[in-house]
Amino acid sequence: MAQIEPSNETELGEAVQAADGPLRITGGGTRSFVPVDGRTLSTRGLTGITLYEPGALTIVARAGTPLSEIKDTLSAENQRLPFEPMDHRAILGTEGEPTIGGAVAVNASGPRRIVAGACRDCLIGVRFVDGTGKLIRNGGRVMKNVTGYDLVKLMAGSHGTLGVLSEVSFKVLPGTAASATLTLHGLSPRQATEAMARAMGSPFEISAAAHLPGDSPATHLRLEGFEASVAYRTERLTAHLAAYGDVSVETDPGRVADLWRDIRDARMFAGRSEDLWRISVKPSDGPRVAEALDGASLLMDWAGGLVWAGVEAGTDLRGRLSGIKGHATLLRAGHDTRARLGTFHPEAPPLAAIARGLRERFDPRGILNPGLMGPATAPEPEKA
Amino acid sequence: MDMPVPNAAIMSRKVEVVRRLSEALPDNTVIHEPNETRAYECDALTAYKCAPLAVVLPSSTEEVATILRICHEEGVPVVPRGSGTSLAGGALPTADSVILGVARLNEVIETNYDDRYIRVQSGRTNLSVTGAVEEDGFFYAPDPSSQLACAIAGNIAMNSGGAHCLKYGVTTNNLLGVTMVMMDGTVTEIGGAHLDAAGYDLLGLICGSEGQLGVVTEATLRILPKPEGARPVLIGFSSNEVAGACVSDIIKAGVLPVAIEFMDRPCIRATEAFAGAGYPDCEALLIVEVEGSDAEIDEQLGKIKKIAESHDPVELRESGSPEESARIWLGRKSAFGAMGQINDYICLDGTIPVNELPKVLGGIRDLSQRYGLEVANVFHAGDGNMHPLILFDANKEGDLDKAEEMGADILRLCVEVGGCLTGEHGVGVEKRDLMTAQFTPDDIEAQLGIKDVFDPAWLLNPAKVFPLASTETRRIAAE
């Protein structure tokens with residue numbers, strides 16, 4: 001069946017309303033890591049920046065707008081998306097053009113998340129079509145807004161299961177003039193996490209902190225800002241971390257950017273056959289995760305709080321991490337493993353009930369990416 | 001302002017409801033004599049008052065669960081209350097409701113500097129959260145003006161901001177996890193100490209839901225290391241519009257001050273009389289504060305001063321010492337108190353895109369003339385969160401109504417230019433009927449559907465946020 005590709009909000013609403021079966025909602029298709037049955041509904045025809053006001057630090061764009069267009073437009077005014085959205089193409093082996101709507105749908109947030117917030121923190125407005133075809137607006141284009149419930153955050157990371165995004169608004173930030181990467185060498189995950197915590201607890205505004213274990217472990221810290229400030233902080237931070245050994249400093253803008261792009265996109269896992277998991281824990285539990293997964297290939301971002309783990313296909317990783325609070329998402333795996341272990345971390349019953357209730361409200365026919373984030377219809381309620 | 005007619009059947013069962021609650025809870029948890037409940041008849045929106053059925057002051061999550069379970073079984077509406085500092089009537093009771101005050105839940109449960117969070121009970125005041133960590137060089141970023149008194153529970157309910165959110169965000173950006181009790185008494189944990197909660201973003205949904213989805217009893221909050229330094233500059237201007245244009249230019253220039261505060265002449269005059277901070281005699285002033293290393297502060301303030309100079313300031317005063325910084329902030333921090341000394345006022349909370357400041361300030365001036373009521377402006381300009389204070393005389397017949405009408409016109413103007421009705425105070429009862437100015441019926445219905453999921457019986461703070469007409473069938477169905 002041909003892909004549905006509405007070119008405006010009205011057509012999008014009509015397409016959803018007219019659907020007589022499941023829809024597979026997609027943007028650029030670069031982040032689809034869970035197979036969904038159904039006719040493909042793509043937002044790639046909904047393009048264009050509808051408003052950009054540098055003086056208000058705000059950009060509004062239709063959901064199918066290529067991320068690259070947003071980035072180029074912002075950088076012409078020396079501004080940027082604060083949350084440094086990752087590009088999933090390397091680890092998923094997908095092709096195509098990442099869209100801004102897709103970044104929102106998966107709440108894609110990169111290394112700068114630890115200081116600037118996630119995609120959901122920078123997202124200030126949405127327009128979307130719910131599962132009945134109705135257009136719903138929430139939030140707007142101001143960063144302080146408590147007018148009614150915040151469906152903006154709810155839509156971020158909902159993977160197209162509550163509605164199809166048609167337009168998104170963001171708070172943006174000024175770009176920075178200079179950056180530097182400070183690297184510590186040879187630390188264990190535990191030492192590295194301690195060093196990163198020490199850096200994060202300093203006033204030097206670390207904008208990224210990641211540890212790469214392996215044969216020659218490296219712990220990277222990024223500073224961004226005015227040139228004089230980065231130079232000053234490099235010196236102070238080096239002294240602050242003296243207990244962890246010598247620090248090497250990289251200030252070449254290209255090399256700083258390349259390193260953090262590779263970390264952002266978890267590129268070390270590209271083209272490999274192992275299963276790939278994304279684990280979110282409190283940073284000081286990062287080493288516990290590393291110890292529990294001894295033998296796995298690991299990348300620890302967010303000062304230890306985000307662990308990417310490549311493990312042997314079929315491994316029940318959640319089982320190995322039991323007792324550590326947080327959650328693990330199965331990013332890349334074969335069909336059988338995904339069917340057996342599930343993509344998203346199982347939720348506590350009250351939260352699962354709320355999630356199901358929300359799906360039933362926003363998508364009463366259960367046609368939007370059905371099954372992707374849990375069952376659409378309620379099993380028989382257990383009566384206490 | 002209308003409130004729903006209280007349910008007579010519930011009121012007639014007051015004795016029984018109070019007895020059930022009293023039996024299930026420790027002594028001194030339930031109060032119901034009119035002289036005891038008087039303090040709970042209103043919040044900081046003092047124009048509206050109502051005696052509740054009873055007030056319960058639990059000391060633990062388990063007690064909150066007990067209260068909600070009983071009220072759920074009895075079909076009694078519950079109005080959650082933090083410290084009662086809402087300016088929007090968020091904690092205003094109805095005669096058939098039980099006030100659930102969380103003030104006794106005020107303990108720090110855990111501080112963790114390695115992971116940079118603090119876990120507190122939700123009745124703890126905002127300032128005392130920072131108080132618990134500041135000796136160790138940390139702080140909790142959201143800083144609403146009422147931070148000495150307001151509770152974290154209320155901050156979560158209203159997604160409170162403050163002066164410094166241009167850089168640090170509002171409550172929702174600093175909240176990692178909660179323990180929340182659902183209306184049927186179920187205790188849930190959402191999020192935790194890790195940065196991203198699993199599944200749908202229920203934390204985001206709860207934040208700013210004005211106590212309508214559940215009662216938060218504990219919260220895990222992100223804490224941050226104190227910056228190396230901070231320095232404010234005070235800039236005086238010859239008109240509101242020029243000051244507004246300067247704000248937009250500062251933002252556009254790529255500097256990100258931690259705060260940009262705005263005050264106009266009526267406010268400057270009142271605070272000078274009250275606090276004597278030595279502000280210049282001018283039409284409008286900005287306090288712009290930047291943070292960071294000395295090098296960063298110098299660079300940022302250099303740019304800001306250059307921009308300010310292009311707007312012909314009547315005064316430009318950079319702080320040279322902590323004492324001077326304190327003096328620059330003194331007037332701003334005492335502004336609301338000072339205004340309260342000289343007048344009754346309504347404090348609005350509309351938020352607008354920053355580039356629309358000159359236009360909206362002009363519009364407010366026109367409305368002020370048309371209604372014949374003076375307006376004092378004091379607000380967080382950097383994020384467009386305006387707080388026009390409409391001055392009126394509560395003893396003068398019809399003056400409050402006139403002030404409310406003018407407030408509604410100002411808020412409609414905020415929506416017209418792309419802003420919203422409320423940035424950090426919440427809708428409460430105050431702006432309920434204006435929701436249709438910002439939202440379509442479908443937009444509102446989507447939000448009501450959320451409440452249906454969390455609180456199907458519509459018992460939690462039911463008469464707030466949405467126009468009464470839009471919630472009537474749900475509230476009545478629940479009876």
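Mentor: Helices here are DSSP runs of H or I with at least four residues, and strands are runs of E with at least two, both numbered from the N terminus. The model is predicted: local features need pLDDT of at least 70 and side-chain atom pairs pLDDT 80 or more, while totals for chains, interfaces and linings use all residues. Residues are numbered from 1 along each chain as its sequence is written, with chains lettered from A and ligands numbered from 1 in the order in which they are written.

Trainee: Where does Asp136(B) lie, and why is Asp136(B) called exposed?

Mentor: Asp136(B) is in the loop between α5 (126–133) and β7 (138–139) of chain B. A residue is exposed if 12 or fewer other C-beta atoms, placed from the backbone, lie within 10 Å of its own, buried if 20 or more do, and partly exposed in between. Asp136(B) has 12 such atoms, so Asp136(B) counts as exposed. Its C-alpha atom is separated by 8.7 Å from that of Tyr113(B), 23 residues away along the chain.

Trainee: Why is Leu187(A) called partly exposed?

Mentor: Leu187(A) has 19 other C-beta atoms within 10 Å, which means partly exposed. Leu187(A) sits in the loop between β10 and α8 of chain A.

Trainee: Which residues is Leu187(A) in contact with, leaving aside its neighbours within four places in sequence?

Mentor: Contact requires C-beta atoms, placed from the backbone, to lie within 7 Å. On that basis Leu187(A) is in contact with Ala192(A), Ala195(A), Pro217(A), Thr219(A) and Tyr244(A). The C-alpha atoms of Leu187(A) and Ser216(A), 29 residues apart along the chain, are separated by 8.8 Å.

Trainee: What makes the phi of Asn78(A) worth a remark?

Mentor: Most residues other than glycine have a negative phi. Asn78(A) is not a glycine, yet its phi is positive, near 55 degrees. Asn78(A) is placed in the loop between α2 (67–76) and β5 (79–80) of chain A, and with 14 C-beta neighbours inside 10 Å Asn78(A) is partly exposed.

Trainee: What is the phi of Asn28(B), and why is Asn28(B) called exposed?

Mentor: Asn28(B), also not a glycine, has a positive phi of about 65 degrees. Asn28(B) has 10 other C-beta atoms within 10 Å, so Asn28(B) is exposed. Its loop runs between α2 (14–24) and β1 (30–31) of chain B.

Trainee: How do you know that the length of α9(A) agrees with its number of residues?

Mentor: The expected span is 1.5 Å times one less than the number of residues. Helix α9 (residues 227–240) of chain A has 14 residues and should span 20 Å; its end C-alpha atoms are 20 Å apart, so the two agree.

Trainee: Which residues of α9(A) are buried, and what covers them?

Mentor: Ser229(A), Val230(A), Tyr232(A), Arg233(A), Thr234(A) and Leu237(A) are buried. Their cover includes β10 (178–185), α8 (189–200), β12 (218–225) and β13 (247–250) of chain A, together with α11 of chain B.

Trainee: Why are α9(B) and α14(B) called roughly antiparallel?

Mentor: Axes are lines fitted to C-alpha atoms, for helices over the stretch in contact, and angles between N-to-C directions run from 0 to 180 degrees. Angles under 35 degrees are roughly parallel, over 145 roughly antiparallel, 65 to 115 roughly perpendicular and the rest oblique. The axes of α9 (residues 240–252) and α14 (residues 357–371) of chain B come within 8 Å and cross at roughly 155 degrees, which makes α9(B) roughly antiparallel to α14(B).

Trainee: How many residues of chain B are in contact with chain A?

Mentor: 76 residues of chain B are in contact with 69 of chain A. α17(B) gives the most to that side of chain B, with nine residues.

Notes. Two residues are in contact if their C-beta atoms, placed from the backbone, lie within 7 Å.
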